[in-house]
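Hi,

Here is the structure I promised to pass on. Have a look, and my notes follow below.

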Amino acid sequence: MTAVPGKDEWKSRDQVPVRRSPHVPSDPAAPRRPAVGSPAIVAVLPAHDEQSRPAVVIESVRAQHRSVSRIIVIADRCTDRTAAIARRHGCQVIETVGNKNLKAGALNQVLPKLLDTLDEAELLLIMDADSTICPEFTAVAHHYLHARLEVAAIGGVFYGQDGAGLLGALQRNEYVRYASEVARRKARATVLTGTASVFRASVLRAVAAARGTRLPGPQGCVHPAALTEDNEITLAVKHLGWVTLSPRSCRGVTESMPTWREFVRQRLRWQRGTLENLQIYGLTRVTLPCILKQCSMYFGIVAVSLMLFTSALFVYLGLYTAPHGWLWIPLTVFTAERIWTVRRQGLRAMALAALLVLEFAYDGVQQWVHIRAVADVTRRKSHQWHHLAGEER
């Protein structure tokens with residue numbers, strides 16, 4: 001089983017000081033009636049040929065400690081039994097019509113009409129139909145949204161499914177390190193992950209209303225050109241002055257890519273989407289940290305490439321010698337850090353991390369993907385959406 005933090009840990013580790021914001025961004029699309037009582041939570045699950053997962057995903061949503069009022073499955077251009085399975089499990093199913101904008105287009109066909117029916121205080125859980133969430137996900141999200149009025153949405157911290165051999169283990173190590181990185185940032189979210197995030201309905205209405213003026217794109221909750229809709233909507237929310245969080249206890253488990261080919265396709269879409277979203281928004285106070293992070297990452301790729309080239313040249317010339325003396329200290333510290341940061345995954349993950357060459361090769365593949373993403377964006381090469389197909393379970 002995938003090792004993840006315990007269900008009660010958010011009370012001690014993820015607790016963020018309650019702070020009432022002196023300024024809450026105005027909502028230009030305010031609801032027509034006031035909210036009454038405790039806010040309801042509506043779950044929205046975009047799905048494209050996901051017949052292998054709906055039952056498990058729906059079960060994880062229904063098992064929430066803070067229950068959802070209804071589950072809506074968006075069947076986007078499905079050619080399998082996704083819609084039928086969702087209906088069989090008691091979900092409302094909305095099938096897209098003529099959608100050419102992938103997941104962003106599917107959300108835009110459903111969310112604006114849905115938001116017109118919701119009260120100001122109601123919440124939307126938007127999550128992938130190939131992922132599951134822990135039972136306390138919505139309870140933790142509601143806790144933060146109730147305590148901090150400046151927070152627009154709560155994103156999940158995702159972990160990898162079991163299986164997929166060595167590649168799956170490498171992905172799980174990467175995800176658990178990302179979770180630790182988010183915790184070190186005091187739960188500040190870089191991206192409201194599409195795996196699962198809870199939004200205020202009022203915030204999504206504000207985003208839709210601001211398109212074409214304060215935000216790029218035509219009317220709709222997501223820019224239709226976004227390959228990574230979660231990254232794009234995070235930028236939109238932040239440009240309207242809201243805060244985004246990802247508490248560690250909002251845990252999700254997402255699919256691990258089973259082959260290197262699937263892995264490269266997934267990561268290429270992620271990186272291309274990020275770069276294209278930054279192009280759409282341009283240089284702003286919100287995008288500046290993201291742009292600097294991207295520049296730093298690409299500088300690191302160049303530095304590693306030069307190091308490898310230099311090492312190979314030294315070996316060829318017979319000038320290379322193994323580290324000795326104090327030079328072993330940084331290598332030992334680096335190795336220890338790699339092992340310690342995956343301890344939540346168990347002894348096997350720690351043993352894998354100790355074999356630096358395997359994770360180094362894994363990182364090398366991702367660096368190649370990042371370089372290719374820049375080349376594809378520069379050439380404006382078209383990108384086809386890709387997903388994992390499966391059989392009904």
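The axes of helix H5 (residues 165-184) and helix H12 (residues 356-379) come within 11 Å and cross at roughly 80°, so H5 is roughly perpendicular to H12 (that label covers 65 to 115 degrees). Axes here are lines fitted to C-alpha atoms over the stretch in contact, with angles from 0 to 180 degrees between N-to-C directions; helices are DSSP runs of H or I, at least four residues, and strands are E runs of at least two, numbered from the N terminus.

This is a predicted model, with local features needing pLDDT of at least 70 and side-chain atom pairs pLDDT 80 or more, while totals for chains, interfaces and linings use all residues. Residues count from 1 along each chain as its sequence is written, and side-chain values use heavy atoms, without hydrogens or water.

Shared partners join Arg-177, Arg-338, Glu-359 and Asp-363 into one salt-bridge network.

Elsewhere, Asp-128 pairs with Lys-103 at 2.3 Å, and both are buried. The whole structure has 15 salt bridges.

Finally, helix H7 (residues 229-239) has 10 of its 11 residues buried, so it is largely enclosed by the rest of the structure. Gly-241, with a positive phi near 95°, follows H7.

Cheers

Technical notes
Parallel < 35°, antiparallel > 145°, perpendicular 65-115°, else oblique. Buried < 20%, exposed > 50% of the residue type's maximum accessible area, 1.4 Å probe, protein only. Salt bridge = Lys/Arg side-chain N within 4 Å of Asp/Glu carboxyl O.
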